[in-house]
Amino acid sequence: MKRIDFYQLMDEASKAREMSYAPYSGFAVGAALLTSDEKVYLGGNIENAAYSPTCCAERVAFYKAVSDGYTKPSDFKAIAVSGGPKGEEASERCAPCGVCRQVMNEFCDSESFLVIMSDGKGGLDVHTLSELLPLGFKL
Ligand code: THU
């Protein structure tokens, strides 16, 4: 099986911005979630006229994977996130919101799951989920 590197995963996230439905904010986000068996789930943010039902790209990608049966911490390796104004290249860092971090914490091992963002300088910024969500809540 072909191993996917982080730059490839970021490319996929960047392409997934085309899936975004963001008529209200005009901010298109794409996420590419890598499973342990090297499958990539893509998501774009989906907005709503009532605003609060909006779902971030990261959660769309996670919920697609979870509904396909990926539910264990060992199932998930990393997620790349790319976001910026619709129709423009996304070169700035787009960090996952707090709600998405909590959703990642539900399904992933926060010490090993990696969140990949652009560093805004053409490179990548990689953090463990526990760095982005210290002392995350779990039951
Ligand atoms: N958004 C995401 O999709 N992911 C994030 O991590 C941050 C925010 C979306 C939600 C909304 O549709 C738009 O970006 C502006 O907040």
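Q: Where is the place of Tyr 21?
A: This is a predicted model, in which local features need pLDDT of at least 70 and side-chain atom pairs pLDDT 80 or more, while totals for chains, interfaces and linings use all residues. Residues are numbered from 1 along each chain as its sequence is written, and side-chain values use heavy atoms, without hydrogens and water. Helices (H or I, at least four residues) and strands (E, at least two) are DSSP runs, numbered from the N terminus. Tyr 21 lies in the loop between α1 (6-16) and β1 (27-35).

Q: Is Tyr 21 buried, partly exposed or exposed?
A: Buried means under 20% relative accessible area and exposed over 50%, with partly exposed in between (1.4 Å probe, protein chains only). Tyr 21 has 44% relative accessibility, so it counts as partly exposed.

Q: Which residues of the largest nonpolar core touch the most other members?
A: A nonpolar core is a set of buried Ala, Val, Leu, Ile, Met, Phe, Trp, Tyr and Cys residues joined through side-chain atoms within 4.5 Å. The largest one has 24 residues, and those touching the most other members are Leu 33, Phe 62, Phe 76, Ile 79, Met 104 and Phe 113.

Q: Which elements cover the buried residues of α2?
A: The buried residues of α2 (57-67) are Ala 57, Glu 58, Arg 59, Val 60, Ala 61, Phe 62 and Ala 65. Contact means heavy atoms within 4.5 Å. The cover includes β1, β2 (40-44), β3 and α3.

Q: What is the phi of Gly 69?
A: Gly 69 follows α2. Its phi is positive, near 105 degrees.
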